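Hi there,

Here is the structure I promised to pass on. Have a look at it first, and then read on for what turned up in the strands and helices.

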Amino acid sequence: MKRLLLLLKPFGVSPHPSHTHPQVLDFLNNRHKLHHDSINFCQEILRKKPVEWKAVLRNNLTQPINDVDLVVTIGGDGTLLQASHFVDDKIPVLGVNSDPTRIDEVEQFSGEFDATRSTGHLCSATVENFEQVLDGILEGRVAPSELTRIRISVNGLHLSTYALNDVLVAHPCPASLSRFSFRITKEDQPCSPQVNCRSSGLRVSTAAGSTAAMLSAGGFPMSISSRDLQYMVREPISPATVSDFMHGLIKQDEKMNAAWTCSKGVIFIDGSHINYTIQDGDIIEISSKAPSLKVFLPHRLLQLAKM
């Protein structure tokens, strides 16, 4: 009998009616209800299947996930991201988008407020197809894809968390200048000149993360199956002679070596919740040498990967 872990996005705090516009209040209450209903629906489906399962709120997850055959996340990409920080390359993850964005709703309220719900870019299921997708997995008819993650080391010591989306290295104050230099190497031989930077930081993304902050900053979307990483120096103040190296790729057999030359710095992994402090003189190594993550991807991403 297969063992499953159900990882749940926590319920948000209901807004105070006196502080919220009635339309926004209705929208937020509806989001809360849909997420609650989605959790109940998925649990009812699991009760009918020949599986053992338990549910855990994602905020209560503190130890690596072991002894399960599948992790099912219910929420959005944030919940799937959090799961990825606690699983190795053996346990697959299925994302269920509990509150998908509705285009008609976004258009209807565009003049009033932002009615965007959950993107669920990596989630292959909603309540509409959860049982169908789950049956395909349990019966072995669907195989997970392997997504690249980022391995980071500081002064030769590997950080314990791998990034599924991206890494941001920056000064802890967003208005402060970041000073660093970097070089791309392959087998300890340089593939680029040393680039000395004064900027607002350095972002490195995986293929999975290339459609998130990297794309918003002017990067390009990558095939979800790519093992390369994409990097970008944020808002550089730089000589024109090295401008060609402010944005590019770190190939799967390459790594980036960066030297931090500010008194303060932070490495942010997949957002702001996981971060590591760095200081002047620290050497940071970034590569795609991390164990991959097994994810059951939505059909549209699988089709794009074949193009």
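Two strands count as paired here if DSSP finds at least two bridges between them. Please keep in mind that this is a predicted model.

With that in hand, let's start with E5 and strand E19 (residues 293-296): three bridges join the two, and they run antiparallel. Across this pair, Leu 147 sits opposite Leu 293 in E19.

Both belong to an open sheet of six strands, ordered E2-E1-E3-E4-E19-E5, with mixed pairing. Which strands stand at the edges? They are strand E2 (51-57) and strand E5 (145-147); each has a single partner strand, so one side of each is left without a neighbour in the sheet. From one strand to the next, the twist averages 30 degrees.

Next, the helices. Helix H1 (residues 22-47) packs on the sheet, where it touches strand E1 (2-8), E2, strand E3 (70-75) and strand E4 (93-97). The direction of H1 makes about 160 degrees with that of E2. Helix H2 (residues 77-84) lies across E1, E3, E4 and E19, and runs at about 150 degrees to E3.

There is also a hairpin to look at, formed by E16 and E17 with four residues between them. Strand E16 (residues 265-269) and strand E17 (residues 274-278) run antiparallel and are joined by five bridges. Within this pair, Val 266 stands opposite Thr 277 in E17. In the turn, Asp 270 has a positive phi of about 55 degrees.

Best wishes

Methods: Residues numbered from 1 in each chain as written. Predicted model: local features only at pLDDT ≥ 70, side-chain atom pairs only at ≥ 80, totals over all residues. Heavy atoms only, no water. Axes fitted to C-alpha atoms, helices over the stretch in contact; angles between N-to-C directions. Contact = heavy atoms within 4.5 Å.
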